[in-house]
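Here are my notes for you to read next to the model.

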Amino acid sequence: MDEAAGDLKQALPNVCDNVQIHVEVHQKSSSAAKKEDIRMSVLKLLNRHNIVFGDYKWTEFDDGFLNSNVQSVSIVDTELKLKDRQPIDLSKSSLSLHIFHLNEEGPSSENLEEENEDIIAANHWVLPAAEFHGLWESLIYDTEVKSHLLDYVTTTLLFSDKNVDSNLISWNRVVLLHGPPGTGKTSLCKALAQKLTIRLSYRYRYGQLIEINSHSLFSKWFSESGKLVTKMFQKIQELIDDKDALVFVLIDEV
């Protein structure tokens, strides 16, 4: 196999190496296997397939352990690193493995009480969610908005870890998307939250996405609106206090 891979590299002079490659490993919901065991088996799989052309997905395996415990192994987002579809030498690339389970429970509602009335103030997902699986890949743009968003969030986390003074370097944790209706802004936000939860699974055990129903927070009595917003963000603060969770707040139709 190694000899065949070497022959293939000689036949393909423009093979890319020394690039960071993200590999997403979807662990079956029924699997209780340790992540380290899955990681070692996936690395053996990738070692047998040194050369790939762009994104690639395995759903069937020769390895019995992978067949029993893994739904799919996907090389993803290569188009964000490489402008053209080129062969990639995995043996000389930096591999980042992201192993995850999908939460299949669906969204729950966050309710607030106002004058004996329950108001549905937000929808709440635990990520990564089965509902958003594949959403990121389905969104196609003619600009590099997806790579820019990932780079921006990565930078803000780095700045936060290093306690960078926002008075010296202007930055915050807010992303504002704007554009005509129907261009995929809400879908992109949900897909980004899902993608980051998977990418940062080494740091956070799971993600939480809160989609605020802004219309429900605006009471016919102006003073009541402020109270509802305060109550909503008090609930969000409780979620943020959980250090195992990466929390996303989506405010739509602002």
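**Notes on the predicted model**

1. Helices (H or I, at least four residues) and strands (E, at least two) are DSSP runs, numbered from the N terminus. N163 has a positive phi of about 55 degrees although it is not a glycine. With a relative accessible area of 66%, N163 is exposed (exposed means over 50% relative accessible area, buried under 20%, partly exposed in between, with a 1.4 Å probe and protein chains only).

2. A word on what you are looking at. This is a predicted model, in which local features need pLDDT of at least 70 and side-chain atom pairs count only at pLDDT 80 or more, while totals for chains, interfaces and linings use all residues. Residues are numbered from 1 along each chain as its sequence is written, and side-chain values use heavy atoms, with hydrogens and water left out.

3. How far does the predictor trust it? The mean pLDDT (the predictor's confidence in each residue, from 0 to 100) is 87, and 87% of the residues reach 70 or more. Please treat helix α1 (residues 2-11) with care: confidence is lowest there, at a mean of 51, whereas helix α3 (residues 64-69) has the highest, at 98.

4. For the overall picture, the protein has eight helices and 10 strands. Of its 254 residues, 41% count as buried.

5. Now the open sheet, whose four strands come in the order β3-β4-β1-β6 with mixed pairing (two strands pair if DSSP finds at least two bridges between them). β3 (56-58) and β6 (94-100) each have a single partner strand, so one side of each edge strand is left without a neighbour in the sheet. On average, neighbouring strands of this sheet are turned by 15 degrees against each other, direction ignored. Axes here are lines fitted to C-alpha atoms, for helices over the stretch in contact, and angles run from 0 to 180 degrees between N-to-C directions.

6. β3 runs antiparallel to β4 (residues 70-76), with three bridges, and Y56 has I75 in β4 as its bridge partner. Helix α2 (residues 35-48) packs on the sheet and touches β1 (20-27), β3, β4 and β6, its direction making about 135 degrees with that of β6; contact means heavy atoms within 4.5 Å. β1 and β6 are parallel and joined by seven bridges, with H26 opposite F100 in β6.

7. In the loop between β5 (87-89) and β6 you will find S93, which counts as buried at 13% relative accessibility. A polar atom of the S93 side chain lies 2.7 Å from the backbone oxygen of D89.

8. Back to helix α5 (residues 145-161). Its 17 residues should span 24 Å at 1.5 Å a residue, and the end C-alpha atoms are 24 Å apart, which agrees; the expected span is 1.5 Å times one less than the number of residues. Its buried residues include L149, L150, V153 and F159, and among the elements covering the buried residues are α4 (135-138) and α6 (185-199).

9. D77, in the loop between β4 and β5, has a positive phi of about 60 degrees without being a glycine, and D77 is buried at 4% relative accessible area. The peptide bond from L127 to P128 is cis, with omega near -5 degrees.

Key: A polar contact is a pair of N or O atoms within 3.5 Å; within protein, one must be able to donate a hydrogen and the other to accept it, and residues adjacent in sequence count only if both atoms are side-chain atoms.
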